[in-house]
Amino acid sequence: MRIFVLCLTEIVLLVLDTSFIPFFDFNGYYPSLLTIYYCVYSLNNEKYNVTLFSFFVGFFQDVFFYNGFGINILLNLIVGLILSKLSNKYNKNKFIVYVLLITFSLMFKSLLITLYINIVLKININVSVFYYEFLYTFVLVLFMYPIFNSIFKSKLFEKKLEF
């Protein structure tokens, strides 16, 4: 049941990312709800679950990134494992710390994708977009983190020992 809920939520967020969210762009940038969902998942789960889920999320993100298939899988794996490791170090009740961790990890992923696009595809991207991206992502994570976190704190996702 847990895998079904994860996949269903992932598909719904992918559809929202491609159809609805572009209407709310801010100076040409709009954040990905699926990536925010993945980052919150990475903060709440162990590295083995994060590794498996990064392949699914990265695959769905790479469907529309045809010139660099596999880049999002690799970057999600790196970002997810870093967030999973950092979640063990910090207190689980620090809301603003986790919001900043997610925001900076999304900025790191965006910077690496921009470098890839600049080096491989020879497309220059204006650096001022990163300021708008940081602000928009920070505000969106402030509102979306409690929603996604409550999903992962529900009884469906709690860790149980079964004999």
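At what angle do helix α4 and α5 pack, and how far apart are their axes? I began the notebook with this pair, working on a predicted model in which local features need pLDDT of at least 70, side-chain atom pairs count only at pLDDT 80 or more, and totals for chains, interfaces and linings use all residues. I number residues from 1 along each chain as its sequence is written, and side-chain values use heavy atoms, with hydrogens and water left out.

**Entry: α4 and α5**

I find that α4 (residues 71–89) packs on α5 at an angle of about 155 degrees, with the axes 11 Å apart; axes here are lines fitted to C-alpha atoms, for helices over the stretch in contact, and angles run from 0 to 180 degrees between N-to-C directions. Helices are DSSP runs (H or I, at least four residues), numbered from the N terminus. The angle makes α4 roughly antiparallel to α5, given that angles under 35 degrees count as roughly parallel, over 145 as roughly antiparallel, 65 to 115 as roughly perpendicular and the rest as oblique. I note the crossing of α4 and α5 as right-handed, meaning that the near helix is turned clockwise from the far one by less than a right angle. Contact means heavy atoms within 4.5 Å, and among the residues that make it I list Leu75, Val79 and Leu83 of α4 with Leu101, Phe108 and Leu112 of α5. I sorted the residues of this contact into 12 nonpolar, four polar and one charged; Ala, Val, Leu, Ile, Met, Phe, Trp, Tyr, Cys and Pro count as nonpolar, Asp, Glu, Lys and Arg as charged, and the others, Gly among them, as polar.

**Entry: α2 and α5**

I next looked up helix α2 (residues 33–44) against α5 (residues 95–120), and they pack at an angle of about 125 degrees with their axes 10 Å apart. The two helices are therefore oblique to each other, and their crossing is right-handed. The contact is made by Thr35, Ile36, Cys39, Val40 and Leu43 of α2 and by Tyr98, Ile102, Ser105, Leu106 and Lys109 of α5, a set with seven nonpolar, two polar and one charged residues. I then checked Thr35 of α2, which is buried at a relative accessible area of 7%; buried means under 20%, exposed over 50%, and partly exposed in between (1.4 Å probe, protein chains only). Not counting residues up to four places away in sequence, Thr35 touches Gln61, Leu106 and Lys109.

**Entry: α5 and α6**

For α5 and α6, I find that the axes come within 9 Å and cross at roughly 140 degrees, which makes α5 oblique to α6. Their crossing is right-handed, and their contact has 17 nonpolar, four polar and one charged residues. In α5 I also looked at Phe104, which is partly exposed with a relative accessible area of 49%; its C-alpha lies 8.9 Å from that of Phe138, 34 residues away in sequence.

**Entry: the kink in α6**

Where does the kink in helix α6 (residues 129–152) lie? I place it at Met144, shortly before the proline Pro146, with a value of about 40 degrees; the bend at a residue is the angle between axes fitted to the seven residues ending there and the seven starting there. Met144 is one of the buried residues of α6, and Leu140, Val141 and Phe148 are also among them. The buried residues of α6 pack against α1 (2–19), α2 and α5.
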